[in-house]
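Here are my notes on the model, as numbered points. Please read them with the structure open.

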Amino acid sequence: MEKQTITIYDVAREAGVSMATVSRVVNGNPNVKPSTRKKVSEVIDRLNYRPNAVARGLASKKTTTVGVIIPNITNQFFALLANGIDDIAAMYKYNIILANSDDNSDKEIKVFNTLLAQQVDGIIIMGSDIDEAFQKEIERSSTPVVYAGTVVELEEAYVVNIDDELASQHATEKLLKNNDRVAMVDKTSHQSKNKHRVAGFKKAYENAGKAFDENLMIMTELDFREAERIVDEIVDLDVGGLVVFDDSIAVGILNELINRGINVPEDIEIVTGHNTRLAELARPALASIELPLYDIGAVSMRLLTKIMNNEDDIESRQITLPHKIKERGSTK
């Protein structure tokens, strides 16, 4: 038997009041007599009435719901970002709909349009590259969008991130103090981030006055399970340091190096890119670029609330938060 949906009409009829009065009680409007509020509240509890957010949104033009698109729900990098978003959303009384895009450009468009169909008031898109087709879909919509932890080459876009170029430069410079040859490992799909990270990588070599070799930039779509092949390349390049912009790949490389009797940090130093729990749990623990992940999520959500509520104190569309290099046992 199909469960009957309780509507605002059912509550109003049972309490002997108008639907407008029920709406005022649900929305916390103070212009309701205490006795009436008590009576309506008791009926709401007894009937287990749950207001329909979409229906309320049709009347108020707001659903107090925000969509969050996450590229990989299992990646701790995005989990920490989501934590910051969720805390600020709760503070401002917004609900969150979390949508996983599986790092797939076609699915990104699908989940974006699904969120729009849910009448969300705004959308936060986490750290994935935005391809042309997805960007066109975003531009067609009037729903506010904030990009969290990603690189977007559009002046009019609202973005919260660190300076990827400077972070790459700082990590590479740290390793070049002890080594003449340092390699970087990154995912090919991160095209926008790649550009900035490569620029920082090259800048570090320039500042150190050391010879740069294009072969030292290892771009791959591979993950930690392909560490053996990556380490083969690293050994052939005869490097003394690695900047790896993905923690799971960095741990895979670390384990493969140890399996081959190559000591970290004595033979090869490693700095990873995201400072997730994986970097802490590895042995030796991995030095890392330390991003303020929680803060990136929190600031993104606060920025989105300002846009949605037409607040006039938005000083910049592009917010850059500071990073650090976290020292651990994988460097000298």
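1. F78 is buried, at a relative accessible area of 7% (buried is under 20% relative accessible area, exposed over 50% and partly exposed in between, with a 1.4 Å probe and protein chains only). F77 also counts as buried, at 4% relative accessibility.

2. This is a predicted model, in which local features need pLDDT of at least 70 and side-chain atom pairs count only at pLDDT 80 or more, while totals for chains, interfaces and linings use all residues. Residues are numbered from 1 along each chain as its sequence is written, and side-chain values use heavy atoms, with hydrogens and water left out.

3. Five aromatic pairs turn up in a search of the whole structure (rings of Phe, Tyr and Trp, the last by its six-membered ring, pair if their centres lie within 6.5 Å; planes under 30 degrees apart are stacked, over 60 edge-to-face and the rest tilted). F77 and F78 make an edge-to-face pair, with 5.0 Å centre to centre and 90° between the planes. The pair of Y205 and F212 is edge-to-face because the planes stand at 75°, with the ring centres 5.3 Å apart. Y205 is buried at 1% relative accessible area, whereas F212 is partly exposed at 30%. F201, Y205 and F212 form one aromatic cluster.

4. Strand β8 covers residues 241-244 (strands are DSSP runs of E, at least two residues, and helices are runs of H or I, at least four, numbered from the N terminus). Both of its faces are covered: G241 and V243 are buried on one side, L242 and V244 on the other. In a regular strand the side chains alternate between the two faces of the sheet.

5. β8 runs parallel to β6 (residues 182-187), joined by four bridges (strands pair if DSSP finds at least two bridges between them). In this pairing V182 stands opposite G241. Four bridges also join β8 to β9 (residues 269-272), again in parallel, and V243 stands opposite V271 there.

6. Which residues touch the most other members of the largest nonpolar core? They are L242, I253, I270 and M301, in a core of 68 residues (a nonpolar core is a set of buried Ala, Val, Leu, Ile, Met, Phe, Trp, Tyr and Cys residues joined through side-chain atoms within 4.5 Å). Helix α13 (residues 293-308) gives the most to this core, with eight residues. Another core, of 17 residues, lies apart from it and includes A99, V120, I123 and A157.
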